[in-house]
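I opened my notebook to look up charged pairs and surface spots. My entries follow.

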Amino acid sequence: MLLNNFKQKIFLLFITSTLFAQIEDKFKQLDQEIATPNSYRTAAGYPGHEYWQNKADYTIDVKLNDENQTISGFETITYANNSPDDLNYLWVQLDQNVRAKDSDAYKISTGKMRNKLNFSSMKPGFIYGDKDAFDILNDFDGGFNIEEVVAIDGRKLNYVINKTMMRIDLEKPLRSKSKTSISIRWNYKVQDRMFMGGRSGYEFFETDSNYLYTICQWFPRMAMYNDVYGWQNKQFLGRGEFTLDFGDYDVRITVPADHIVASTGELQNMMEVLTKEQINRYKTSKTAKIPMIIISQGEAIKNEKSRSKKVKTWRYKAKNVRDFAFTSSRKFIWDAMGVKVGNRTVMAMSYYPKEANPLYEKYSTRAVAHTLNVYSKYTFNYPYPVAISVEAANGMEYPMICFNYGRPQEDGTYSERIKYGMISVIIHEVGHNYFPMIVNSDERQWTWMDEGLNTYLQFLTEQEWDKDYPSRRGPAKNIVNYMKGDKNNLMPIMTNSESIYQFGNNAYGKPATALNILRETIVGRELFDFAFKEYSKTWMFKHPTPSDFFRILENASAIDLDWFWRGWFYSTDPVDISIDEVTWYTLDTKNPEIELPLKKIEEENEPIQSWQEKNSIEIQETIVEIDEEANDFYDKYDPYEVSILDKEDFIKYRDSSVVENQEKKIYNSNLNYYEIKFSNVGGLVMPIILELEYEDFTNYIIRIPAEIWRKNRKQITKVFATKKLVKSFNLDPQLETADINLVNNNWPKKVIKSRFELYKTKKHGRWKTYKENKMQRNNRSKNEEKSIKK
């Protein structure tokens with residue numbers, strides 16, 4: 001018997017623990033998900049007292065061959081091992097090998113055959129095959145050719161290339177707190193970026209037979225060694241971007257003498273590569289209030305026709321940057337202006353071909369300056385001397401320089417989409433100077449740590465450009481369609497960069513929205529802005545992790561946000577809170593002079609039932625109406641008439657029950673009480689934001705913290721008291737929480753209005769319509785008016 005009882009207890013314990021384990025604790029602390037604090041990174045999200053990071057300095061000579069579109073270079077890396085570890089070997093990134101013929105990026109790309117294919121689609125990545133077939137489909141090999149790797153004294157070093165990584169074997173370990181220098185000679189073919197895609201490459205302009213080069217990931221770069229991963233040597237597959245240490249650069253760039261070069265860093269030999277007039281214009285632009293032209297469109301057009309056989313070497317230096325990129329072309333127009341950031345003047349500059357005008361001349365440098373001002377307000381003062389926007393039909397960022405898009409039609413007109421798309425991409429790419437170029441997160445591991453944070457600040461910057469700016473990402477309502485999608489096609493934000501589905505929504509849109517919701521709805525602007533700025537300033541020129549970000553925002557705001565990180569960053573649950581039921585209560589005062597008339601009105605307002613309606617027509621008279629003797633007391637008794645005894649009973653009740661002042665206050669308040677049942681249909685816990693719309697057409701918003709869901713994750717009941725009668729209750733009336741289903745947000749239920757369009761299908765094929773932008777339509781309309789007047 002005792003044994004049976006013991007078995008029953010064990011069984012019950014097992015069942016109970018199993019059921020408890022199945023209950024997901026959405027408010028569970030993140031202790032198991034984030035890194036354990038240590039002497040390198042504290043529990044408050046700050047660098048620890050033993051925090052360290054390595055440094056890589058570069059001296060590079062590089063030559064761009066415009067005849068055969070090749071790059072060749074020689075570099076010396078001075079690597080400082082500030083870690084507590086001795087290093088037996090070094091890892092160097094060869095990202096350009098993603099364009100090698102045997103690149104894994106081509107092998108893992110997928111595609112389907114169609115009945116009709118454009119020649120431009122027959123490119124590496126879409127199709128892979130055996131060597132003979134692939135040589136036909138892809139005759140371009142754009143990977144690095146490593147000519148030599150040598151020590152500072154010229155001795156050859158052994159090295160092994162593993163796809164996009166190269167291991168250099170040291171003759172003796174690089175001791176902790178010591179340095180070494182190595183040199184590498186290399187070359188590669190520059191790709192046609194307009195055909196092959198990617199970040200680096202060239203664009204060829206057939207109209208004037210000129211090239212515009214955007215050169216990035218162009219030299220062997222040291223991989224990062226840190227306290228989190230050791231060597232961050234994950235292979236580059238084309239999406240997860242770059243993880244790099246800071247360093248100082250001294251770079252000599254040799255190009256055709258008629259090319260203009262823009263680059264990371266400051267130009268050191270202006271007198272050798274620019275004309276006196278260009279130098280004077282540049283000096284004047286430092287104090288200009290609006291962008292000033294350094295190289296005009298007319299001068300650029302003249303330069304396009306030049307074909308110099310000579311070369312020039314442009315020398316740029318950059319301090320404390322994590323990377324280096326440059327652009328070169330005959331086609332560049334160049335404008336600039338000085339921007340006051342803190343106590344320093346930063347040169348905001350733009351380089352662009354004539355094909356980008358008038359948009360770039362009008363907006364580009366202004367957008368650069370605006371970005372520096374707004375981002376600096378929310379983070380830290382921009383520390384670099386220049387910030388450059390280059391129009392290159394692209395969108396990619398590097399320290400002090402970025403490549404953007406935004407060309408008008410040939411007639412100079414442009415659509416709103418192109419205009420705002422151009423301004424947005426400039427804001428976004430210039431903003432990347434802050435994240436990750438300065439707050440140097442691990443892009444290869446966590447895309448959202450730079451793209452998400454940057455997109456959040458991009459939204460704030462856009463809204464300070466124009467209060468009606470059509471921002472794509474940031475507002476909660478804009479992420480709804482993504483969050484209500486098929487869960488099989490969704491992944492948590494905390495997903496490695498190379499494994500993300502729906503990259504833009506996952507790594508840009510959702511984290512930006514989450515931060516905006518924190519600022520506007522959860523934490524509040526003052527607290528959030530302080531915490532975000534604290535994170536930004538703390539991790540300037542350092543390597544933060546997600547754990548550091550989560551911790552510092554909580555520590556600087558005094559708000560437990562583990563439930564928020566768990567829901568928004570570690571799950572794919574959507575927000576869907578519903579109003580299930582509303583019951584209206586008023587106090588039964590026991591006062592017959594109040595309650596009996598109310599009951600009478602309720603009875604009179606009861607709906608007439610169908611049988612009653614029919615009887616009123618078919619039955620002319622009833623017995624009690626015909627025969628007086630059939631009537632008694634109850635036929636004449638008025639149940640709603642107040643008697644003296646009713647009044648006396650009420651006085652006795654009132655004097656015995658309502659004694660205290662607070663009780664009298666409540667009793668005499670005449671409040672309305674509404675019991676509301678809410679369900680968490682989506683799974684993502686969020687605050688309950690409830691609008692009360694009164695019968696006098698005024699309204700009031702009540703905000704209930706997300707912690708209301710702590711004891712029941714699925715359904716809760718809450719009572720609300722009001723003085724005025726409520727006409728309707730509306731959840732999330734200002735669309736703050738990204739609720740995916742507005743149909744269940746109202747009581748009484750509201751009709752959701754939508755529209756549909758009728759169209760007629762052409763019998764064979766489709767109707768072709770002429771697409772014109774609004775500027776073109778406006779011009780056409782004015783011409784039509786002139787024609788009518790004539």
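Is Asp696 buried, partly exposed or exposed? I found Asp696 partly exposed, with a relative accessible area of 40%. The cut-offs: buried is under 20% relative accessible area, exposed is over 50%, and partly exposed is in between (1.4 Å probe, protein chains only).

I noted the basis. This is a predicted model, where local features need pLDDT of at least 70, side-chain atom pairs count only at pLDDT 80 or more, and totals for chains, interfaces and linings use all residues. Residues are numbered from 1 along each chain as its sequence is written, and side-chain values use heavy atoms, with hydrogens and water left out.

Next I looked up the partner of Asp696. Lys724 forms a salt bridge with Asp696, with the closest N and O atoms 3.1 Å apart. A salt bridge here is a side-chain nitrogen of Lys or Arg within 4 Å of a carboxyl oxygen of Asp or Glu. The pair links distant parts of the chain, 28 residues apart. Lys724 is partly exposed at 35% relative accessibility.

I searched the whole structure and got 45 salt bridges. One of them joins Glu148 and Arg185, with 3.3 Å between the closest N and O atoms. Glu148 sits in strand β4 and Arg185 in strand β7, 37 residues apart. Strands are DSSP runs (E, at least two residues), numbered from the N terminus. Glu148 has a relative accessible area of 24%, and Arg185 has 33%.

I also checked Asp169 and Arg167. Their side chains meet in a salt bridge at 2.7 Å, N to O.

Technical notes:
Helix = DSSP H or I, 4+ residues; strand = E, 2+ residues; numbered from the N terminus.
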